[in-house]
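Have the viewer open while you read.

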Amino acid sequence: MTSLDAVRPPAGRLPDPQVLALLVELDRHTTSIGQAARALDLAQPNASRMLRTFERESGIPLLNRSPRGTTLTPQGQALAAWAAEIMTGYDHLLSGMAALRREVGARVRVSASMTIAEHLLPRWLERFRAAHPNADVGMSIGNTTAVCATVREGSCDIGLIESAEVPEDLTARLIGTDSLVIVATPAIAAQWAGPEVVSATALAARPLVVREEGSGTRGVIDAALAAAGGVQVAAAFPSNAAVKVAALAGLAPAAISRLAVESELRTGSLVEIPVADDVRLDRQLHALWAKGHRLRGAAADFLALIHEE
């Protein structure tokens with residue numbers, strides 16, 4: 001017979017962890033079953049009944065009861081010392097189970113506008129998956145208007161947009177900045193005559209390749225040229241890639257995120273046309289989520305990662 005067999009209750013039933021926790025609590029700093037029960041959020045009658053049952057089934061006297069309080073017998077003290085080790089392991093088990101439950105069930109649904117999806121989101125997703133290899137990440141892509149609609153519908157946890165304005169009915173957090181540039185092939189850029197920088201009026205007089213209505217990129221150029229008569233549209237496309245191809249083909253100058261043409265600007269296949277200071281082409285990048293909703297779990301971790309960058 002092993003030492004475990006000697007103290008195992010009948011029918012091989014292992015001690016109730018709550019009984020072990022009561023013993024540990026009594027051994028630490030209480031002289032009352034009521035105090036120990038309250039520390040463990042148990043009702044005192046239930047705690048007393050559990051201890052009496054364990055004494056009867058194990059055959060081990062645990063408690064000395066007197067008008068001055070309740071203390072552990074020497075046997076009870078020995079069991080409490082062993083129980084403390086078991087409860088420490090039990091705490092580790094519960095913590096591990098909670099972590100695994102969060103990780104296996106971790107899910108974050110992200111909806112991103114085109115510029116962020118093409119040029120920033122891949123890096124963020126790579127870092128997030130490295131930290132949460134078992135997390136389930138869902139992703140959708142659309143223009144800013146579509147992303148905001150997705151957040152409102154509850155189809156995603158976090159929306160990521162680049163826009164000059166933030167919807168008032170959604171919670172927003174600034175996560176970065178971006179700016180548009182006016183780019184063209186060197187041949188077309190050379191056709192711009194006059195001062196070193198192009199005014200809003202001169203820019204509005206020239207047809208441009210732009211993004212579609214509803215995109216954050218389109219919203220910025222529309223706002224920048226509104227006072228000068230608005231944008232003349234040479235062509236509108238639903239992606240930065242298409243806008244860039246049109247510009248490279250020489251269709252017209254393009255209004256596009258600097259992130260989308262960094263490589264072409266470096267190689268010189270496209271050149272930036274400088275604009276006057278009153279042509280505001282900068283914009284902020286925001287994370288959005290439902291008003292009154294607090295991000296938790298994987299969604300909160302994902303937002304923290306973005307904010308960290």
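This is a predicted model: local features need pLDDT of at least 70, side-chain atom pairs count only at pLDDT 80 or more; totals for chains, interfaces and linings use all residues.

Numbering runs from 1 along each chain as its sequence is written, and side-chain values use heavy atoms, with hydrogens and water left out.

**The whole chain**

Let's start with the fold inventory: 14 helices and 11 strands. The chain's radius of gyration is 33 Å, well over the 19 Å that the globule rule gives for 309 residues, so the chain is more spread out than a compact globule. That radius is taken over C-alpha atoms, and the rule is 2.2 Å times the number of residues to the power 0.38. Along the principal axes, the C-alpha trace spans about 100 × 40 × 30 Å.

How much of the chain is buried? Buried residues make up 44% of the 309, where buried means under 20% relative accessible area, exposed over 50%, and partly exposed in between (1.4 Å probe, protein chains only). The chain exposes about 16,200 Å², with carbon and sulfur atoms supplying 53% of that; the areas come from the Shrake-Rupley method with a 1.4 Å probe, and for residues only the protein chains shown count as cover.

A contact here means heavy atoms within 4.5 Å. Of the contacts between residues at least 6 apart in sequence, 73% join residues at least 24 apart.

**Two nonpolar cores**

A nonpolar core is a set of buried Ala, Val, Leu, Ile, Met, Phe, Trp, Tyr and Cys residues joined through side-chain atoms within 4.5 Å. As a rule, nonpolar side chains tend to be buried together in soluble globular proteins. In this chain the largest such core has 26 residues, and L121, W124, L160 and F302 have the most contacts inside it. The elements that give it two or more residues are β3 (107-113), α6 (114-119), α7 (121-131), β5 (158-163), β11 (282-290) and α14 (297-308). Helix α14 supplies the largest share, six residues.

Leaving aside neighbours within four places in sequence, W124 is in contact with I116, L160, I175, F302, L305, I306 and E309. There is also a second, separate core of 23 residues, which includes V198, A200, L225 and V275.

P122 sits in helix α7 too. P122 is partly exposed, with a relative accessible area of 44%, and it touches I116 and A117, not counting residues up to four places away in sequence.

**Around helix α4**

Helix α4 covers residues 44-58 and holds E55. Buried or exposed, for this glutamate E55? E55 is buried, at 16% relative accessible area. Beyond four places in sequence, E55 touches I60, P61, L62, L63 and R65. S48 is in helix α4 as well, and at 10% relative accessibility S48 also counts as buried.

D41 is in the loop between α3 (33-39) and α4. D41 is exposed, with a relative accessible area of 72%. Its backbone deserves a look: D41 has a positive phi of about 60° although it is not a glycine. Most residues other than glycine have a negative phi.

**Some distances**

Another loop residue, Q191, lies between α9 (186-189) and α10 (200-204) and is exposed at 51% relative accessible area.

| Pair | Apart in sequence | C-alpha to C-alpha |
|---|---|---|
| S48 and V19 | 29 residues | 9.7 Å |
| E55 and G176 | 121 residues | 64 Å |
| Q191 and S66 | 125 residues | 102 Å |

Conventions:
Helices (H or I, at least four residues) and strands (E, at least two) are DSSP runs, numbered from the N terminus.
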